[in-house]
Amino acid sequence: MDQEAVRRTLEPTASSKEIVASLSHLYDALVISGVRIDEAEQGRLLCSFVVTPRIASPAGYLLSGVTATLADQLGSGVFFSSGVGTSGVSLEINLSYVDVASIGEEIEVEGKLLRAGKSVGVVSVDFRKKKTGKLIAQARHTKYLAVSSKL
């Protein structure tokens, strides 16, 4: 497992001009910006970030859409860290929100590979408050991993 390859798949490398030129990736780049990869091992990623005003609601809480985007992006990173050749196509992302995170709180996100078969893989992604370890959200990300044919 090449930790730098995993890092390159998750960390935004585009300049702000390139991001604006490609608005379809704007939201992902804004969400991923600021996420640090703390540990990467076979089938597991541990990341962290601080809730900032740009990813918070007007009430000052982490946006649920940001959590969903991170579950998608970091879940895909877990497949790369496990040696699966493709991150595949999402079949289902299930999220349960159990608490809120406020601006300034540091969040720890742990993604674990649950299964990677020939065509389908499943990852769990847990979001916790780093200071207390309290669960904020839990996601399960299912992906179709088979390489599509060129018909």
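Visitor: What share of the 151 residues in the protein is buried?

Guide: Buried residues make up 39% of them. Keep in mind that this is a predicted model. To be called buried, a residue must have under 20% relative accessible area.

Visitor: How many helices and strands does the protein have, and in what order do they run?

Guide: There are 4 helices and 6 strands. From the N terminus, the order is α-α-α-β-β-α-β-β-β-β.

Visitor: Why is K129 called buried?

Guide: Its relative accessibility is 15%. The cut-off for buried is under 20%. The value of 15% falls under that limit, so K129 counts as buried.

Visitor: What about D99, buried or partly exposed?

Guide: D99 has a relative accessible area of 22%.

Visitor: What makes D99 and K134 a salt bridge?

Guide: Here the closest N and O atoms are 3.3 Å apart. The limit is 4 Å, so this pair passes too. K134 sits in the loop between β5 and β6, while D99 is in the loop between β3 and β4, so parts 35 residues apart in sequence are tied together. K134 is partly exposed, at 48% relative accessibility.

Visitor: Why do such side chains pair at all?

Guide: Side chains of opposite charge can pair when their charged atoms come close.

Visitor: How many salt bridges does a search of the whole structure find?

Guide: The search finds 10. One of them joins the side chains of R36 and E106, at 2.5 Å from N to O. R36 belongs to strand β1 and E106 to strand β4, so this pair ties together parts 70 residues apart in sequence. R36 is partly exposed at 37%, and E106 is partly exposed at 27%.

Visitor: Which residues are linked with R36 in a network of salt bridges?

Guide: D38, E106 and K130 are linked with R36 in that network.

Visitor: What makes α4 largely enclosed by the rest of the structure?

Guide: Count its buried residues. Of the 18 residues in α4, 13 are buried, so the helix is largely enclosed. From first C-alpha to last, α4 reaches 25 Å, close to the 26 Å expected at 1.5 Å a residue. After α4 comes G83, whose phi is positive, near 90 degrees.

Visitor: Which residues have the most contacts inside the largest nonpolar core?

Guide: They are F49, V51, L62, L70, I107, V109 and F127, in a core of 28 residues. The elements that give two or more residues to this core are β1, β2, α4, β4, β5 and β6. The largest share, 6 residues, comes from α4.

Visitor: What does I107 touch?

Guide: Not counting residues up to four places away in sequence, its contacts include F49, V51, F127 and I136.

Visitor: Why is I103 called partly exposed?

Guide: Its relative accessible area is 41%. That value lies between 20% and 50%, so I103 is partly exposed. I103 is in the loop between β3 and β4. Leaving out residues up to four places away in sequence, I103 touches V51, T52, P53, A56 and G60.

Visitor: Which residues form a nonpolar patch on the surface?

Guide: V89, L91 and Y144 form it, with about 300 Å² of accessible area together. Y144 lies in strand β6.

Technical notes. Residues numbered from 1 in each chain as written. Predicted model: local features only at pLDDT ≥ 70, side-chain atom pairs only at ≥ 80, totals over all residues. Heavy atoms only, no water. Patch = residues over 30% accessible without salt bridge, like charges linked within 9 Å, V, L, I, M, F, W, Y side chains within 5 Å. Areas by Shrake-Rupley, 256 points an atom, 1.4 Å probe, with all protein chains shown as cover. Core = buried A, V, L, I, M, F, W, Y, C linked by side-chain atoms within 4.5 Å. Buried < 20%, exposed > 50% of the residue type's maximum accessible area, 1.4 Å probe, protein only. Contact = heavy atoms within 4.5 Å. Expected span 1.5 Å × (residues − 1).
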